[in-house]
Amino acid sequence: MNLTGPDSALTDEQRAIRDVVREFAVEELRPGAREADREESFTEDAWDALADLDLTGLTVPESYGGFDADRTTYSVVNEQVAYGHLAVATALSVHSLATSCIATFGNESVREEWLPEMVDGRPVGAFCLSEPQAGSNPAEMTTSATKEGDEYVLRGEKQWITNGERAGVYVVFAKVDGADDGVTQFLVPADYDGVEVGRKEEKLGLRASDTTGMTFDGVRVPEEYRLTEEGKGLSAAFAILTGGRVGIASQAVGLAQAA
């Protein structure tokens with residue numbers, strides 16, 4: 001049985017990438033997956049190995065040292081990593097959402113500051129959209145951003161944040177006071193005052209992937225870290241999430257193959 005799909009759908013390069021990542025998944029990820037899930041502990045060595053394969057730069061342009069994968073290659077990589085360890089694949093896909101946001105919406109100085117290091121795997125990225133009371137309807141979010149001089153002050157809570165504990169940088173969505181529709185996208189470093197990681201979720205599966213709440217309590221973010229125009233963040237989120245959903249669907253295929 002061909003578990004990797006028809007070769008005719010892939011280029012020679014994509015097949016080569018698939019085979020390398022499948023070997024990595026079998027030899028490096030699968031052996032520790034069960035223990036990591038049991039102990040609810042993310043395998044940082046596996047993450048560092050992904051970085052060594054340049055996969056933590058999957059959605060970063062080559063000009064910043066990234067892999068700059070096309071949609072099919074992105075899908076293939078997610079499928080194969082999930083075959084080895086779904087928690088690692090989930091962490092990678094969310095990190096890739098964050099790098100996509102920075103690459104697509106950040107100005108040149110922000111891209112130069114953050115993307116080369118994120119290509120190397122650190123800082124890990126997280127994507128903060130969902131909220132405890134808004135759920136799957138982000139238009140109802142209550143996290144606010146108030147403009148004060150050349151800064152924005154963020155206040156609010158987010159929920160179900162993958163890489164919540166591990167992240168060094170968060171892409172945060174908040175409503176700017178007075179802006180039409182309001183929702184705007186910000187880059188927030190983890191070491192800023194007022195950034196607080198909440199408790200880990202107790203989950204039935206995917207236990208090695210840390211999923212937490214987040215609180216932003218008066219976090220002051222410089223204007224240059226606003227990634228979209230005021231009120232344009234929701235459309236930006238949906239555009240990025242379209243690619244992210246391809247990755248999650250591909251992970252489901254890899255997980256089914258492993259099962």
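Strand 1 and strand 4 run side by side here, paired in the parallel sense over five bridges. Keep in mind that this is a predicted model.

- Strand 1 covers residues 124-128, and five of the five are buried, so the strand is largely enclosed by the rest of the structure.
- In a regular strand, side chains alternate between the two faces of the sheet.
- Here both faces are covered: Val124, Ala126 and Cys128 are buried on one side, with Gly125 and Phe127 buried on the other.
- Across the pairing, Ala126 stands opposite Tyr170 of strand 4.

**Tyr170 and its aromatic partner**
- The structure has five aromatic pairs, and one of them joins Tyr170 and Phe216 in an edge-to-face arrangement, with 6.2 Å from centre to centre and 80° between the planes.
- Tyr170 belongs to strand 4 (residues 167-176) and Phe216 to strand 7 (residues 211-222), so this pair ties together parts that sit 46 residues apart in sequence.
- Both Tyr170 and Phe216 are buried.

**Arg22 and the ring of Tyr83**
- Arg22 sits in helix 1, which spans residues 12-39.
- Its charged end is over the ring of Tyr83, 3.7 Å from the centre.
- Arg30 also lies over the face of Tyr83, at 5.0 Å from the ring centre.
- What about a salt bridge for Arg22? There is none, although Arg22 is buried: the nearest side chain of opposite charge belongs to Glu79, 5.1 Å away.
- Arg22 does make side-chain polar contacts, including one of 2.5 Å with the side chain of Gln80 and another of 3.0 Å with the side chain of Gln257.

- Most residues other than glycine have a negative phi, and most peptide bonds are trans.
- The bond from Arg122 to Pro123 is cis, with omega near 5°, and Pro123 lies in the loop between helix 5 (108-119) and strand 1.
- Glu40 isn't a glycine, yet its phi is positive, near 55°; you'll find Glu40 in the loop between helix 1 and helix 2 (44-52).
- Leu206 isn't a glycine either and has a positive phi of about 55°; its place is the loop between strand 6 (195-200) and strand 7.
- Glu40 is partly exposed, with a relative accessible area of 31%, and Leu206 counts as partly exposed at 29%.

How values were computed:
Residues are numbered from 1 along each chain as its sequence is written. This is a predicted model: local features need pLDDT of at least 70, side-chain atom pairs count only at pLDDT 80 or more; totals for chains, interfaces and linings use all residues. Side-chain values use heavy atoms; hydrogens and water are left out. Rings of Phe, Tyr and Trp (its six-membered ring) pair if their centres lie within 6.5 Å; planes under 30 degrees apart count as stacked, over 60 as edge-to-face and the rest as tilted. Helices (H or I, at least four residues) and strands (E, at least two) are DSSP runs, numbered from the N terminus. Buried means under 20% relative accessible area, exposed over 50%, partly exposed in between (1.4 Å probe, protein chains only). A charge sits over a ring if NZ of Lys or CZ of Arg is within 6 Å of the ring centre and within 35 degrees of the ring normal. Lys and Arg count as positive and Asp and Glu as negative; His and the chain ends are not counted. A salt bridge is a side-chain nitrogen of Lys or Arg within 4 Å of a carboxyl oxygen of Asp or Glu. A polar contact is a pair of N or O atoms within 3.5 Å; within protein, one must be able to donate a hydrogen and the other to accept it, and residues adjacent in sequence count only if both atoms are side-chain atoms. Two strands pair if DSSP finds at least two bridges between them.
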